[in-house]
Amino acid sequence: MAGPLFFYGTIMVKDEIGNIIEQTAAETGYMIYEWSVYLKGENSKITVKIDSLKPVSHGDCELFSARLSANLDKIKILPNYFLEISSPGTDRKLRSIDELVRFKGAPVKIVYADGDINRVIQGALSEVTETGIEVAGEKNRIQIRHEDIIHANLDY
């Protein structure tokens, strides 16, 4: 069982909270898109973005928040904290090939390198391969290598 905050270094507390977040995700069936912890004594804040293969609802966030809060309170790692649970949103970053594959067909906004110039295309993510993607814009289709992608976001 974990002790009070003052027995831990900042890294250890954040790691322990991260473990509890991952444990809670496993218990509830959600994926963790990202999380962060801001340790400020009585004003500590834990932010978690949960994900699912189906759209994440307000009820999903409430369920995860209640379970995470119970798990954190069980080990008394923080005396007080504020939880913020949300989804990645409709303009979420697409950070991996797996996420690109998952959102194939969705509207996207891609910033990519074309030589020394950065370009932007908006359109449907029409193809994802091991080497790159294809975006169907209003006027044309553009193929972009994964290594040339600077930013990729959903664009609903």
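Visitor: Why is Glu84 called partly exposed?

Guide: In this predicted model, Glu84 has a relative accessible area of 33%. Buried means under 20% and exposed means over 50%, so Glu84, at 33%, counts as partly exposed.

Visitor: Where in the secondary structure is the place of Glu84?

Guide: Glu84 lies in strand S3, which covers residues 81–86.

Visitor: What does Glu84 touch, not counting residues up to four places away in sequence?

Guide: Glu84 touches Lys45, Ile46, Thr47 and Val48. A contact requires heavy atoms within 4.5 Å.

Visitor: What makes the pair of Glu84 and Lys45 a polar contact?

Guide: The two side chains come to 3.3 Å. The cut-off for a pair of N or O atoms is within 3.5 Å, so the value of 3.3 Å meets that distance limit.

Visitor: How far apart are Glu84 and Trp35 in sequence and in space?

Guide: They are 49 residues apart in sequence, and their C-alpha atoms are 9.8 Å apart in space.

Visitor: Which elements make up the secondary structure of the chain?

Guide: The chain has three helices and eight strands. In order from the N terminus, the elements are α-β-β-α-β-α-β-β-β-β-β.

Visitor: How do you know that the chain is more spread out than a compact globule?

Guide: Its radius of gyration is 19 Å, whereas the globule rule gives 15 Å for 156 residues. The value is well over the rule, so the chain is more spread out than a compact globule. Along the principal axes, the C-alpha atoms fill a box of roughly 60 × 35 × 25 Å.

Visitor: What share of the 156 residues counts as buried?

Guide: The share is 36%.

Conventions: Residues are numbered from 1 along each chain as its sequence is written. This is a predicted model: local features need pLDDT of at least 70, side-chain atom pairs count only at pLDDT 80 or more; totals for chains, interfaces and linings use all residues. Side-chain values use heavy atoms; hydrogens and water are left out. Helices (H or I, at least four residues) and strands (E, at least two) are DSSP runs, numbered from the N terminus. Buried means under 20% relative accessible area, exposed over 50%, partly exposed in between (1.4 Å probe, protein chains only). A polar contact is a pair of N or O atoms within 3.5 Å; within protein, one must be able to donate a hydrogen and the other to accept it, and residues adjacent in sequence count only if both atoms are side-chain atoms. The radius of gyration is taken over C-alpha atoms; the globule rule is 2.2 Å times the number of residues to the power 0.38.
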